[in-house]
Amino acid sequence: TILLSIAHDKFREEFFESAIALIKADKLNYKVYATPGTARGLRSIAHARDQSMDEECELDDSIEQEKIAHVLENLITVRKPVGEVGKDAGKKCDDDVKNCEEATELIRAGKIDLLINISDCTTRRDEISSGYLMRRAAVDFGTSLVTNIKCATKLVECLELGLDKPGALEPLHIGDFYKVPVIGNWQR
């Protein structure tokens with residue numbers, strides 16, 4: 001189960017194809033959640049792409065059209081954490097979604113395996129952002145966390161390749177490349 005929270009339209013556009021791949025790929029079989037702004041942003045991009053595809057199809061009948069927006073119907077919207085001060089904080093997901101769950105509660109309950117949280121790169125010292133609360137919960141409750149858009153995109157590419165194929169790359173521990181300091185009794 002993956003939770004997407006991508007704060008800026010530029011990053012949403014960059015991650016769009018990866019989001020579609022996560023939701024669409026049968027072999028991945030992931031349940032994908034998104035915060036309200038991320039869900040709206042991805043649906044807006046899908047709608048715009050579908051409209052431009054409609055225009056291309058009118059000009060050239062040989063283009064087969066597959067609607068992108070219908071893929072995003074499987075995207076589950078969750079509320080932002082209520083500790084944030086802001087316009088979407090604690091608000092219901094959408095008018096058509098009545099009792100959606102809150103993002104940090106899903107993380108605390110162990111229902112999220114991976115959080116992809118890309119911040120808007122601003123520093124707001126006077127308030128705690130929902131992104132911070134989600135990242136903090138991910139660290140506190142052992143949920144995998146990706147905070148870089150390039151890494152998130154490459155991760156999805158790797159997930160699409162799969163480890164079950166012949167010749168697939170084998171994941172390695174960072175200790176295979178670097179001497180990792182040992183703290184306490186923990187060792188690899």
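Both faces of strand E1 are covered: Ile 2, Leu 4 and Ile 6 are buried on one side, and Leu 3 and Ser 5 are buried on the other. Buried here means under 20% relative accessible area, with exposed over 50% and partly exposed in between, using a 1.4 Å probe and protein chains only. Strands are DSSP runs of E, at least two residues, and helices are runs of H or I, at least four, numbered from the N terminus.

This is a predicted model, where local features need pLDDT of at least 70, side-chain atom pairs count only at pLDDT 80 or more, and totals for chains, interfaces and linings use all residues. Residues are numbered from 1 along each chain as its sequence is written, and side-chain values use heavy atoms, leaving out hydrogens and water.

Back to E1, residues 2-6: five of the five are buried, so the strand is largely enclosed by the rest of the structure. In a regular strand, side chains alternate between the two faces of the sheet.

Now its partners; strands pair if DSSP finds at least two bridges between them. E1 runs parallel to E2, residues 32-34, with three bridges, and Ile 2 is partnered with Val 32. E1 is also parallel to E4, residues 114-118, over five bridges, where Ile 6 is partnered with Ile 118.

Last, the contacts, meaning heavy atoms within 4.5 Å. Beyond its neighbours within four places in sequence, Leu 72 contacts Phe 16, Ile 20, Ile 23, Leu 42, Arg 43 and Ala 46.
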